[in-house]
Amino acid sequence: MKVAVIGSGISGNTLAYLLNKNHDVTLYEKDKRIGGHSHTHEIVINNKKVNVDTGFIVFNKKTYPLFTSLLNNLGVKYENSNMSFSVFSKENNFEYNGTSLNSLFSQRRNLLNPKFLKMIFEILRFNKESIKLKSKTILLKQYLKNNNYSTYFCKNYILPMGAAIWSSDIKTILNFPAHFFIDFFKNHGMLSVTNRPQWLTIKGGSQEYVKKLTSGFKNKIRLNSKIKNIVRYKSYVVIEDNKSKEKFDYVFFACHSDEALEILKKPTADEVKILSALPYQKNDIILHTDSSIMPQKKLSWAAWNYNIDSPDDSPITLTYNMNILQNIKTKEPLLVTLNPKLPISKGKVIKKLQYTHPKFSKYSVSAQLKNKIISGKNRTFYSGAYWGKGFHEDGVKSAYEAVKLFEAVIK
Ligand SMILES: Cc1cc2nc3c(=O)[nH]c(=O)nc-3n(C[C@H](O)[C@H](O)[C@H](O)COP(=O)(O)OP(=O)(O)OC[C@H]3O[C@@H](n4cnc5c(N)ncnc54)[C@H](O)[C@@H]3O)c2cc1C
């Protein structure tokens with residue numbers, strides 16, 4: 001079959017990798033590079049060349065089984081990463097880093113702060129109690145209220161954690177279905193102190209896996225090809241990019257839900273309903289070396305550093321410490337900040353970027369269950385990390401599922 005894949009993120013690249021075995025594939029990518037959210041920058045810092053990622057950074061073997069097996073089949077090298085989390089407020093001179101007892105009390109006055117000590121007990125209580133949740137309908141905000149969790153625990157621990165994981169504002173996290181939130185914590189060993197997976201990162205940056213994954217169909221990738229219009233007929237599909245029009249037997253969407261809706265000439269009522277229940281939100285991202293936006297004490301610095309000074313409905317302010325996450329040694333810290341609240345010194349900015357993340361809600365969780373209502377119909381298949389919890393494993397899983405469905409449809 002002659003098939004088109006739209007988007008070269010993990011989902012589109014996995015699709016093309018699988019489809020290329022038996023079909024004639026063309027992969028369209030609007031950008032000038034392959035990878036989507038797998039985005040490595042080759043930079044020179046203090047006269048040293050380093051590869052640093054600003055999108056996808058970490059995975060683990062336990063909750064990324066398909067992605068790990070793909071990497072192993074391709075012979076991609078990876079190494080241990082370090083995941084740790086800090087929360088801080090510049091406005092209230094508050095900070096802690098959950099890595100060790102020493103860093104938890106990086107501000108020694110918290111040893112005598114009853115609210116802080118209560119928060120620690122509430123973390124242990126949440127870990128123990130939340131796994132018992134049975135309801136599929138209760139929202140996180142209701143769950144926290146019904147179980148009497150303090151505002152202090154919510155503001156300084158559980159909500160920043162969720163907001164950092166999903167790069168979403170606090171208000172959105174409060175409206176997550178509680179089971180969606182808690183399942184992720186449970187699966188990632190975040191509800192126990194001992195059962196945590198070893199996080200990993202690709203040696204040399206995510207571009208290394210992208211190169212290997214796409215090497216078999218490199219000549220079939222069209223870069224700088226923004227799809228503008230897709231018209232589906234009974235026996236074929238016409239795809240129009242910024243240069244030409246071409247006929248295909250089938251089309252696979254591996255771009256985001258909103259981007260798919262935008263380029264479909266005549267989406268069906270189901271497509272409009274389901275895809276628009278899976279919206280995305282923008283985040284500004286800055287790669288830089290300005291440590292003034294980190295917690296004040298070095299002991300409070302973690303791999304992920306969440307600044308709680310932004311209002312609940314504003315985009316989150318989070319800084320990834322790339323030295324810790326990717327084992328990069330540089331004299332100045334190499335940092336990636338989402339939506340900085342405080343200005344970053346101009347001379348310390350390396351790159352400015354923008355990415356969009358899925359904005360999950362009870363509506364999106366229910367729309368995800370309806371993938372098969374639109375996928376496999378009208379010569380169209382859908383994949384993308386947004387069909388799961390928004391991570392690399394979800395992208396790979398969605399690609400495997402779309403190819404399986406496709407093989408059944410054309411049989
Ligand atoms: C800052 C950041 C950090 C992250 N860290 C992690 C992490 O550590 N671990 C993890 O598992 N996940 C992480 N993620 C989540 C990440 O989004 C997913 O893991 C995954 O990479 C998303 O893949 P995707 O294929 O669904 O979409 P994308 O990677 O976004 O790919 C979609 C592609 O479609 C292309 N496209 C869109 N419209 C068109 C069009 N009209 N024509 C042609 N091409 C088009 C886009 O240019 C893009 O290349 C992170 C995300 C961000 C932004």
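1. The model is predicted, and in it Asn 339 occupies the loop between β18 (335-338) and β19 (349-358). Its phi is positive, near 45°, although the residue is not glycine. Most residues other than glycine have a negative phi.

2. Is Asn 46 buried or exposed? It counts as exposed, because 9 C-beta neighbours are found inside 10 Å, and the cut-off for exposed is 12 or fewer.

3. A positive phi is also present after helix α6: Ser 167 follows the helix, and its phi is near 45°. The helix itself, residues 151-166, bends by about 40° at Leu 159. A proline, Pro 160, follows the bend within four residues. Of the 16 residues of α6, 13 are buried, and the helix is thus mostly covered.

4. What does α6 lie across? The helix lies across β7 (85-89), β16 (304-307), β17 (317-321) and β19, and it runs at about 115° to β7. These strands belong to an open sheet of seven strands, in the order β8-β7-β16-β17-β18-β15-β19, with mixed pairing. At the edges are β8 (94-97) and β19, each of which pairs on one side only. On average, neighbouring strands of this sheet are turned by 20° against each other, direction ignored.

5. Strand β15 (residues 280-288) pairs with β18 in the antiparallel sense, over four bridges. In this pairing Leu 287 stands opposite Val 336 of β18. Strands of a sheet pair through backbone hydrogen bonds, either parallel or antiparallel.

6. The next point concerns β12 (residues 237-241) and its two partners. Strand β11 (residues 227-232) pairs with β12 in the antiparallel sense over five bridges, and Ile 227 stands opposite Asp 241. The two strands form a hairpin with four residues between them. On to β13 (residues 245-248): β12 pairs with this strand in the antiparallel sense over four bridges, and Val 238 stands opposite Lys 247. This hairpin, formed by β12 and β13, has three residues between its strands.

7. Which residues of β12 form its covered face? They are Val 237, Ile 239 and Asp 241, whereas Val 238 and Glu 240 make up the uncovered face. In a regular strand the side chains alternate between the two faces of the sheet. Asp 241, on the covered face, is the residue that stands opposite Ile 227, and Val 238, on the uncovered face, is the one opposite Lys 247.

8. Helix α9 (residues 207-214) contains Tyr 209. This tyrosine is buried, because 27 other C-beta atoms lie within 10 Å and the threshold for buried is 20 or more. Neighbours within four places in sequence left aside, Tyr 209 is in contact with Leu 71, Leu 74, Val 76 and Ile 202. By contrast, Ile 173, 36 residues from Tyr 209 in sequence, is 31 Å away from C-alpha to C-alpha.

9. Ser 215 sits in the loop between α9 and β10 (221-222). It counts as exposed, because its C-beta neighbours inside 10 Å number 10. Ser 215 and Tyr 17 are 198 residues apart along the chain, and their C-alpha atoms are separated by 9.0 Å.

10. The contact takes 11 residues from domain 1 and 11 residues from domain 2. On the side of domain 1 that touches domain 2, four residues are nonpolar, four are polar and three are charged.

Terms used
Residues numbered from 1 in each chain as written. Predicted model: local features only at pLDDT ≥ 70, side-chain atom pairs only at ≥ 80, totals over all residues. Bend = angle between axes of the 7 residues up to and from the residue. Contact = placed C-beta atoms within 7 Å. Nonpolar A, V, L, I, M, F, W, Y, C, P; charged D, E, K, R; others polar. Pairing = 2+ DSSP bridges. Axes fitted to C-alpha atoms, helices over the stretch in contact; angles between N-to-C directions.
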